[in-house]
Amino acid sequence: MLKIDLRSDTVTRPSKAMFEAMISSPVGDDVWGDDPTVIKLEELAAEKFGTEKALFCVSGTQANQIALMSHLSPGDEVICHSYAHIYNYEGGGIAANAHASVAFTGDTRGIMHPEGVLNCIKADDVHYPKSRVLALENTSNKGGGTCYQWEEIEALRAVASKHGLTFHLDGARLYNALIAKNQSESDYGTAFDSISICLSKGLGAPIGSILLGNEEFIHHSRRIRKRIGGGWRQAGLLAGAAIYALENNVDRLAEDHAAAKDMAEFLNGQSWVKNVVAPETNILIFGLNEDMNQEEFIANLDSKGIGISQMGPGKCRMVFHLDVSAADVKEVKSVLASL
Ligand SMILES: Cc1ncc(COP(=O)(O)O)c(C=O)c1O
């Protein structure tokens, strides 16, 4: 087992306090709509974001795919960044689940701009797919944890409204963006038609994502969730962890961002590092010099109990989270310095 796991922020384990919150959560049958802790979580999330409703889902992928199935009809098109998780890492779900196509913008580091989106919007012509959804990701995973300025979101919202596009946010790590940019949940709840948020990443819950939107959308999404086998019973055990995460693990995300910056500075001084992508949140991407074998480098660290991941040829990723202490960061630096 890895001693220091920087492969992802999905690797966190529930703390003792989170476990206690889980086992003391009252439960019911969520498919019957009577699990009190799930109801409490959905109401809490909807209240924070100022949306009419929320739906507790198994995963970020499930929440995104439900939203896309809900918004899209076969032959429609989603506009997203070429780095988008919904396109790259959800098993071809846009095609397989929503029977829709995709148009890409390729703007900097996962962040979309209005001009790129406008280039993707198709004329209303029978030859073309129907442009239907504009999907953003904040923070952008493949972009290295980049986040949007609020003005950029507003500009994209204006494009979506003008062209009749449903505005979806893959907010798997939205709380990292909120902390980094000092933005508010309710602004996001107002700007987007649907938002997915993961509790199981930097927030430290073992399982679970929230899908937010208006009453009609969530009602439809609940049906789709059931259809794909996502109706769950005593899910309150997990909702208890999610509530604990929202109440206790948000502000501390700033520590992960600081750790990523600290490691970036260290890597910048290493001769074997080709480039370091300046981190904005908890994800740090860096390139290796051509003479470094990436597979061997990752395997070597693994043999020393340190896990990191790759993000394409020569590109490595470290993700900082609540199970990585200051002492761990120090230890990783000392191992890297000895290479
Ligand atoms: C940006 C983004 N969206 C969605 C997901 C999917 O989340 P899950 O692993 O819970 O399906 C991830 C997972 O890493 C992600 O990084």
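The model is predicted: local features need pLDDT of at least 70, side-chain atom pairs count only at pLDDT 80 or more, and totals for chains, interfaces and linings use all residues. Residues are numbered from 1 along each chain as its sequence is written.

Among the 13 residues around the ligand, S59, G60, T61, H85 and A172 come nearest; a residue is near if its C-beta atom, placed from the backbone, lies within 6 Å. Helix 3 (residues 60–71) gives the most to this shell, with three residues. Helices (H or I, at least four residues) and strands (E, at least two) are DSSP runs, numbered from the N terminus.

The chain is divided into two domains, with bounds from an automatic or database domain assignment.

| Domain | Residues |
|---|---|
| Domain 1 | 4–10 + 252–337 |
| Domain 2 | 13–248 |

The domain centres, taken over C-alpha atoms, are separated by 27 Å. In domain 1, 18 residues are in contact (C-beta atoms, placed from the backbone, within 7 Å) with 18 residues of domain 2. On the side of domain 1 that touches domain 2, helix 12 (253–268) and strand 10 each give two or more residues, and helix 12 has the largest share, four residues.

Strand 10 (residues 283–288) pairs with strand 9 in the antiparallel sense over four bridges; pairing requires at least two bridges found by DSSP.

Methods. Two residues are in contact if their C-beta atoms, placed from the backbone, lie within 7 Å.
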